[in-house]
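Q: I am new to this structure. Can you show me how to read its features?

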Amino acid sequence: STRNAFINGNGLAEFLAAYSRRPDTTNVCGMQVSHSFAVWHVVRSLKPTAIIESGVNAGHSTWIMRAAAPQARIISIDPSTTPICSQQKRWIDELRRD
């Protein structure tokens, strides 16, 4: 099954390697490791060509999705131009800005 292949393969190791490179290691009011893993796993499994994200805050979830789907077009929408929790800046996806 896909689940067994993921657990017995290198999926968890790939996620942990990506997670260790995240730009904001504090992320006080966003996704923590368990939710980050869930999003990463779903995106990695579905292999979408496009993702629409509603609510960006500091950009952590955008970063996780980009790590899971490097070729996907990610459209991120947020009514605020700055993060709402003490993060100093928002991570902006510069990989595919088309």
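Q: Is isoleucine 75 buried, partly exposed or exposed, and what do those words mean?
A: Buried means under 20% relative accessible area, exposed over 50%, and partly exposed in between (1.4 Å probe, protein chains only). Isoleucine 75 has 33% relative accessibility, so isoleucine 75 counts as partly exposed. Isoleucine 75 lies in strand 2 (strands are DSSP runs of E, at least two residues, and helices runs of H or I, at least four, numbered from the N terminus).

Q: What kind of model is this, and how are residues numbered?
A: The model is predicted: local features need pLDDT of at least 70, side-chain atom pairs count only at pLDDT 80 or more, and totals for chains, interfaces and linings use all residues. Residues are numbered from 1 along each chain as its sequence is written, and side-chain values use heavy atoms, leaving out hydrogens and water.

Q: How many salt bridges does the structure hold?
A: Side chains of opposite charge can pair when their charged atoms come close. A salt bridge is a side-chain nitrogen of Lys or Arg within 4 Å of a carboxyl oxygen of Asp or Glu. The structure holds two.

Q: Which residue pairs with arginine 44?
A: Glutamate 14, with the closest N and O atoms 2.2 Å apart. Arginine 44 is in helix 3 (residues 33–46) and glutamate 14 in helix 2 (residues 11–20), 30 residues apart. Arginine 44 is partly exposed at 29%, and glutamate 14 is partly exposed at 27%.

Q: Where does arginine 66 lie, and is arginine 66 buried or exposed?
A: Arginine 66 forms a salt bridge with aspartate 93 (2.6 Å, N to O). Arginine 66 lies in helix 4 (residues 60–68), and aspartate 93 in the segment after strand 2 (73–77). Arginine 66 is buried at 7% relative accessibility, and aspartate 93 is buried at 10%.
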